[in-house]
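Hi there,

Here is the structure I promised to pass on.

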Amino acid sequence: DDLKEVWQLMQNKRVWVYDGELQQVTDDNREGLFAFLQKQSFSLFPFHVVTRPQQSLVVSKSGSYSPSIADLEGSPFLNSLERGVSGAARIRLFHLGSEISPYIRSLKERRYFDFENGEHGLLQFLLTKNVFVHDIETDNEVIVHSADVVITKQPGETSTGAPDHLQRLFAYNHILQQLGKRDSLTVDSTALVKEAEEAYVVSPVSSLVVLETQADYDRFGIKDSQNSLKNASLKNNGAVPEPGEWAIIILAGAAFLFFAHKNKLI
């Protein structure tokens with residue numbers, strides 16, 4: 001049904017599908033191509049074969065299963081994709097529905113797309129008006145699509161009282177933004193690693209050792225950077241309770257309600 005509706009919207013457009021190579025879709029072959037490709041468990045569309053991104057629109061729909069970028073690390077496919085897409089003009093991608101595969105999500109986080117998702121009505125509107133969304137980000141401004149917010153970094157000398165997680169979110173998204181600008185196979189990641197270290201986040205260019213207490217760090221001889229945000233659970237600043245802590249909170253709340261109800265009956 002999705003194919004039929006989208007095909008009707010594309011009657012005045014030239015349409016291709018990827019089947020080992022790009023094939024132009026016609027009324028005669030579209031059902032056969034769809035029946036063949038539908039048998040696949042997942043698809044990895046090679047976005048680097050889109051040679052004219054400014055004149056093209058990719059329409060996708062996916063389930064929840066696919067390899068991620070980490071699974072493809074070192075493969076000829078990913079190497080070709082990164083060389084062909086990194087630093088180039090962003091590809092316009094319209095995704096039907098809200099479920100996004102790990103593959104699409106990974107590339108989206110690296111800012112390879114101008115991305116929009118929705119149903120057929122929105123796609124029809126965009127095609128009719130010949131417009132598409134364009135995300136504008138800078139070194140000091142990142143977009144967090146999942147929360148529909150923009151985080152801006154500004155110079156300052158005093159504490160704002162904002163939660164540490166804002167800086168962590170900014171750093172993580174800024175690192176992915178920078179990786180998407182250049183070929184990640186040759187990028188000098190020293191500055192990005194430093195940024196991840198300061199924000200205390202795990203990223204594609206960094207890893208992180210997080211222990212329970214300061215005594216654990218001392219026992220293993222792990223010296224932490226003095227300029228980082230540190231472990232949120234150690235600083236108790238915006239930390240999320242551990243499962244054991246949640247159990248204590250729930251038990252305490254249940255006990256309070258029990259005794260309050262008992263006293264009321266007495």
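Let me start with D27, which counts as exposed because its relative accessibility is 52%. For that word I use these cut-offs: buried is under 20% relative accessible area, exposed is over 50%, and partly exposed is in between, with a 1.4 Å probe and protein chains only. The side chain of D27 meets that of R30 in a salt bridge, at 3.6 Å from N to O. A salt bridge here is a side-chain nitrogen of Lys or Arg within 4 Å of a carboxyl oxygen of Asp or Glu.

Before going on, a word on the source: this is a predicted model, in which local features need pLDDT of at least 70 and side-chain atom pairs count only at pLDDT 80 or more, while totals for chains, interfaces and linings use all residues. Residues are numbered from 1 along each chain as its sequence is written, and side-chain values use heavy atoms, with hydrogens and water left out.

**Salt bridges**

By the rule above, the count comes to six salt bridges. One of them pairs D2 with K61, with the closest N and O atoms 2.6 Å apart. This pair links distant parts of the chain: D2 is in helix α1 (residues 2-9), K61 is in the loop between β3 (58-60) and α3 (69-72), and the two are 59 residues apart. Helices (H or I, at least four residues) and strands (E, at least two) are DSSP runs, numbered from the N terminus. D2 is partly exposed, at 26% relative accessible area, and K61 is exposed, at 54%.

E137 and R90 also join their side chains in a salt bridge, 3.6 Å from N to O. E137 sits in the loop between α6 and β6 and R90 in the loop between α4 (76-85) and β4 (91-96), so the pair ties together parts that are 47 residues apart in sequence. E137 is buried, with a relative accessible area of 16%, and R90 is buried too, with 19%. Through shared partners, salt bridges join R90, R111, D114 and E137 into one network.

**A lysine without a partner**

K108, in helix α5 (residues 102-109), is buried yet has no salt bridge. The nearest side chain of opposite charge belongs to E109, 6.7 Å away; Lys and Arg count as positive and Asp and Glu as negative, with His and the chain ends not counted. Leaving aside residues up to four places away in sequence, K108 touches F113, F115 and H145. Contact means heavy atoms within 4.5 Å.

**The hairpin**

Strands β6 (residues 141-144) and β7 (residues 149-152) run antiparallel and are joined by four bridges; two strands pair if DSSP finds at least two bridges between them. V142 has I151 in β7 as its bridge partner. The two strands form a hairpin with four residues between them, and D148 in the turn has a positive phi of about 55°.

**One more contact**

L37 lies in helix α2 (residues 30-37). Not counting residues up to four places away in sequence, L37 touches V17, Y18 and D19. The C-alpha atoms of L37 and Y18 are separated by 9.2 Å, with the two residues 19 apart along the chain.

Happy to talk any of this through.

Best wishes
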